[in-house]
Amino acid sequence: MRDGYGRVIDYLRISVTDRCNFRCSYCMPLGGIELLEAREILSYEELLRVISLLGRHGVSKIRLTGGEPLVRKGVVDFIRAIRSIGTVNDLAMTTNGSLLGDMAYELKAAGLDRVNISLDTVDSRRFARVTGRDKLAEVWRGVESAIAAGLAPVKLNVVLTEALTEADIAFFIEQVTHTPLAVRFIEYMPIGRCGIKPGLSIASVKNFINAAGYGVLEPTTVMRGSGPAKYYRLPRAIGSFGFIAPLTEHFCPSCSRIRLTADGKLKLCLLSNQEIDIKAALRGGGGDREISKLFFKALEEKPVRHFLGDIRGGNNLAREMYQVGG
């Protein structure tokens, strides 16, 4: 499938739930959250129909997100069912990692290829302040279990907020030197009514790494994934670093994805309010042809780029991050 600007769309991010066992301050608003009722969320059967139908049109990469996808019951069986469809060649998950320690081997056996784990600081007090939970030890156990289970490459998503310090970066340098982790620093995006401030810039993180005494970062293309990160290695390091800059370095021209929210909306861009409802067609007896037309309509309307922070777009997004599987 191609969108209106000729970009090949082969990657679907699916939010399987809006629920999460964390309360991260950049993801959920300070005033509380409004959770969907169970009947509003797409069933696994409905999601499998979407995956199967899109697979016929060339969508072969699937990422499961939330909320926190591991809090939804039956997710392991869902992964196994996705694999049985036969059109998916890359099945990944983004998770906070707190439940991964007990599930990593089971997820791998079911057919999950790899995981991204959100981890914005390794200081226990700052971690608890950002996530609302004192579970840093559980998350790190999840990281280690994911590596041991072969959910490779294991990527750590580090958002550049005020919680991240140079001490954290020094820790990540040590880990990348000795373990096959990909640590990805992500430029902070001001989405929703968040309660945290932006932190270090990507340039300052690169400068710190280059000055740490392990050598200078070298570009590398040896990294599996479908995202916009630019990857680098330090000499003799086992792992790598990635840098994602959605605001200062737009990667929109190479965008290959669409998103499906937990309540059945095709979201054309994370940083846009444009959505197309497919749940009504799924539950109203719509045939494959009718639903396919909605997918192609979404591609026709997919914007050329996001305008977050731009005078044309501002930061006026209708949904919080936890509602769209960011």
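Analyst: Start with burial: buried means under 20% relative accessible area, exposed over 50%, and partly exposed in between (1.4 Å probe, protein chains only). The model is predicted, so local features need pLDDT of at least 70 and side-chain atom pairs pLDDT 80 or more, while totals for chains, interfaces and linings use all residues. Residues are numbered from 1 along each chain as its sequence is written, and side-chain values use heavy atoms, without hydrogens or water.

User: Why is Arg-83 called partly exposed?

Analyst: Its relative accessibility is 27%.

User: What makes the contact of Arg-83 and Asp-113 a salt bridge?

Analyst: A salt bridge is a side-chain nitrogen of Lys or Arg within 4 Å of a carboxyl oxygen of Asp or Glu. Here the N to O distance is 2.4 Å, so the pair qualifies. The two residues are 30 apart in the chain. Arg-83 sits in helix α2 (residues 75–85), and Asp-113 in the loop between α3 (104–110) and β4 (114–118). Helices (H or I, at least four residues) and strands (E, at least two) are DSSP runs, numbered from the N terminus. Asp-113 is buried, at 13%.

User: How many salt bridges does this rule give?

Analyst: The count is 17. One of them joins Asp-102 and Arg-141 at 2.6 Å, N to O. This pair also links distant parts of the chain: Asp-102 lies in the loop between β3 (90–95) and α3, Arg-141 in helix α5 (residues 136–149). Asp-102 is exposed at 62%. Arg-141 is partly exposed at 41%. Arg-19 pairs with Asp-18, with the closest N and O atoms 3.2 Å apart. Arg-49, Arg-56 and Asp-288 are linked in a network of salt bridges.

User: How do you know that the length of α5 agrees with its number of residues?

Analyst: The expected span of a helix is 1.5 Å times one less than its number of residues. For the 14 residues of α5 that gives 20 Å, and the end C-alpha atoms are 20 Å apart, so the two agree. Buried residues of α5 include Leu-136, Val-139 and Trp-140. Just after α5, Gly-150 has a positive phi of about 85°.

User: Why is α1 called roughly parallel to α2?

Analyst: Two packed helices are described by the angle between their axes and the distance between the axes. Helix α1 (residues 44–56) packs on α2 at about 25°, with the axes 10 Å apart. Angles under 35 degrees count as roughly parallel, over 145 as roughly antiparallel, 65 to 115 as roughly perpendicular and the rest as oblique. The angle of about 25° is under 35 degrees, so α1 is roughly parallel to α2. Axes are lines fitted to C-alpha atoms, for helices over the stretch in contact, and angles run from 0 to 180 degrees between N-to-C directions. Contact means heavy atoms within 4.5 Å. Among the residues making it are Tyr-44 and Leu-47 of α1, and Val-75 and Phe-78 of α2.

User: What makes Arg-236 stand out?

Analyst: Most residues other than glycine have a negative phi, and most peptide bonds are trans. Arg-236 is not a glycine, yet has a positive phi of about 70°. It lies in the loop between β8 (230–233) and β9 (240–244). At 76%, Arg-236 is over the 50% cut-off, so it is exposed.

User: Which residues are joined by a cis peptide bond?

Analyst: Gly-66 and Gly-67 are, with omega about 10°. A cis bond also joins Ala-152 and Pro-153, with omega about -5°. Pro-153 is in the loop between α5 and β5 (154–159).
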